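Welcome! Have a look at the structure below, and then we will walk through part of it together.

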Amino acid sequence: MEQLESDKQVAKYLLDIKAVELQPNLPFTWASGWKSPIYTDNRKTLSYPEVRNYIKKQFADIIRNQYPDTELIAGVATGAIAVGALVANELDLPMVYVRSSSKNHGLENLVEGVSHFGQKTIVIEDLVSTGQSSLKAVTALRNQGCDVKAMLAIFTYGFSIAKDGFDNAKCPLTTLSNYNTLIEMALETGYVQQNQLQTLLEWRQNPDSWGR
């Protein structure tokens, strides 16, 4: 394995396995209706043992070093359930996961699994875009009595709306890689060309109105 700084290594992995696809000249349409030159599906990392193990180790090392008193791992459905389980197993910690919405039958749980009031909790996420769904999971855990210390995610687009949301929620966010690093690696590896760079940067500045 080529040894790179961890954020660059994760970005390179995402590009190599096509978990991230860049199409500056043929934009994707997100579920939100936004037009975008990038589409990210970090669930693909689970299909590659070298990649998923690297991500698991990076998350586990952050928790050991920065949050050594962690008592519970929480994965955000659906993309981070498996990653959360890998991290919890590595650290020999209990795990829960947070649904995007409550079940409409049975106990109508939003948080699945066993948690206890005051448990020091780290939330695992696969992707942070606007941050709304990620922070909804944080709120659900706090409402259940968990002491959420931070969220760790594989990748973020770095939108200001997400930064503001996490700041307001007093929930530190640490990500293994980010949009700027990804574009840097995409240029280095020839995944995108220099003449496509301006399009990618313009989208990052105004993602809600770009391409309209």
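## Where helix 3 ends

Let's begin at the end of a helix: aspartate 92 follows helix 3 and has a positive phi, near 55°. Helices here are DSSP runs of H or I with at least four residues, strands are E runs of at least two, and both are numbered from the N terminus.

This is a predicted model, in which local features need pLDDT of at least 70, side-chain atom pairs count only at pLDDT 80 or more, and totals for chains, interfaces and linings use all residues. Residues are numbered from 1 along each chain as its sequence is written, and side-chain values use heavy atoms, leaving out hydrogens and water.

## The buried face of helix 3

Helix 3 covers residues 81-91, and its buried residues (under 20% relative accessible area, 1.4 Å probe, protein chains only) are Val83, Gly84, Val87, Ala88 and Leu91. Seen down the helix axis, these buried residues fall within an arc of 135°, so they line one face of helix 3. That arc is taken from the directions from the helix axis to the C-beta atoms.

What do the buried residues of helix 3 pack against? Their partners are helix 2 (49-66), strand 5 (72-76), strand 6 (95-98), strand 8 (120-128) and strand 9 (147-156).

## Leucine 93 in the loop

Leucine 93 sits in the loop between helix 3 and strand 6. Because its relative accessibility is 23%, leucine 93 counts as partly exposed, a class that runs between the buried limit of 20% and the exposed limit of 50%.

Setting aside residues up to four places away in sequence, leucine 93 touches Thr70, Glu71, Ile73 and Ala88, where contact means heavy atoms within 4.5 Å.
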